[in-house]
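This report describes one protein chain for a reader who is new to structural description. Please consult the sequence and the structure shown here while reading.

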Amino acid sequence: MKQFEYRVEDIQIQLKANTNFSEVMTDKLNALGREGWELSGVNGMVFYFKREVT
């Protein structure tokens, strides 16, 4: 049986005048994906992730 661990991220991004919000979010989500985290839900700015425990 597969087992998972879970992570909750309240992602608050401090934007400067010339910063693109979608680019910053994409970078943050891609970094979590490289660590093996899979997005499993979103509630506002709270993101829920899971990854399989090996």
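## Order of the elements

From the N terminus on, the elements of the protein chain follow the order β-α-β-β. Helices (H or I, at least four residues) and strands (E, at least two) are DSSP runs, numbered from the N terminus.

The model is predicted: local features need pLDDT of at least 70, side-chain atom pairs count only at pLDDT 80 or more, and totals for chains, interfaces and linings use all residues. Residues are numbered from 1 along each chain as its sequence is written, and side-chain values use heavy atoms, with hydrogens and water left out.

## How the strands pair

Strand β3 (residues 46-52) is joined to strand β1 (residues 4-10) by seven bridges, and the two run antiparallel. Strand β2 (residues 38-43) is also antiparallel to β3, with five bridges between them. Two strands are said to pair if DSSP finds at least two bridges between them.

Individual partners can be located within these pairs. Glu 9 stands opposite Phe 47 in β3, and Val 42 also stands opposite Phe 47 in β3. Gly 41 has Tyr 48 in β3 as its bridge partner. A hairpin is formed by β2 and β3, with two residues between them. Gly 44, in the turn, has a positive phi of about 70°.

## Overall dimensions and surface

What radius of gyration does the protein chain have? The value is 13 Å, whereas a compact globule of 54 residues would have one near 10 Å. The radius of gyration is taken over C-alpha atoms, and the globule rule is 2.2 Å times the number of residues to the power 0.38. Along the principal axes, the C-alpha atoms fill a box of roughly 50 × 20 × 10 Å.

Of the 54 residues of the chain, 13% count as buried. Buried means under 20% relative accessible area, exposed over 50%, and partly exposed in between (1.4 Å probe, protein chains only). The chain exposes about 4400 Å², of which carbon and sulfur atoms supply 47%. Such areas come from the Shrake-Rupley method with a 1.4 Å probe; for residues, only the protein chains shown count as cover.

## Contacts along the chain

Among contacts between residues at least 6 apart in sequence, 51% join residues at least 24 apart. Contact means heavy atoms within 4.5 Å.

## Residues of β2

Ser 40 lies in strand β2. Not counting residues up to four places away in sequence, Ser 40 touches Tyr 48, Phe 49 and Lys 50. Ser 40 and Val 8 are 32 residues apart in sequence, and their C-alpha atoms are 10 Å apart in space. Ser 40 counts as partly exposed because its relative accessibility is 46%.

Asn 43 also lies in strand β2. Is Asn 43 buried or exposed? Asn 43 is exposed, because its relative accessible area is 53%.

## Glu 52 and the end of the chain

Glu 52 lies in strand β3. Leaving aside neighbours within four places in sequence, Glu 52 is in contact with Lys 2, Gln 3 and Phe 4. Glu 52 and Gly 36 are 16 residues apart in sequence and 8.2 Å apart in space, C-alpha to C-alpha. With 41% relative accessibility, Glu 52 counts as partly exposed.

Thr 54 is found in the segment after β3. Why does Thr 54 count as exposed? Thr 54 is exposed because its relative accessible area is 97%. Thr 54 and Gly 44 are 10 residues apart in sequence, while their C-alpha atoms are 30 Å apart in space. Asn 43 and Thr 54, which are 11 residues apart in sequence, have C-alpha atoms 28 Å apart.
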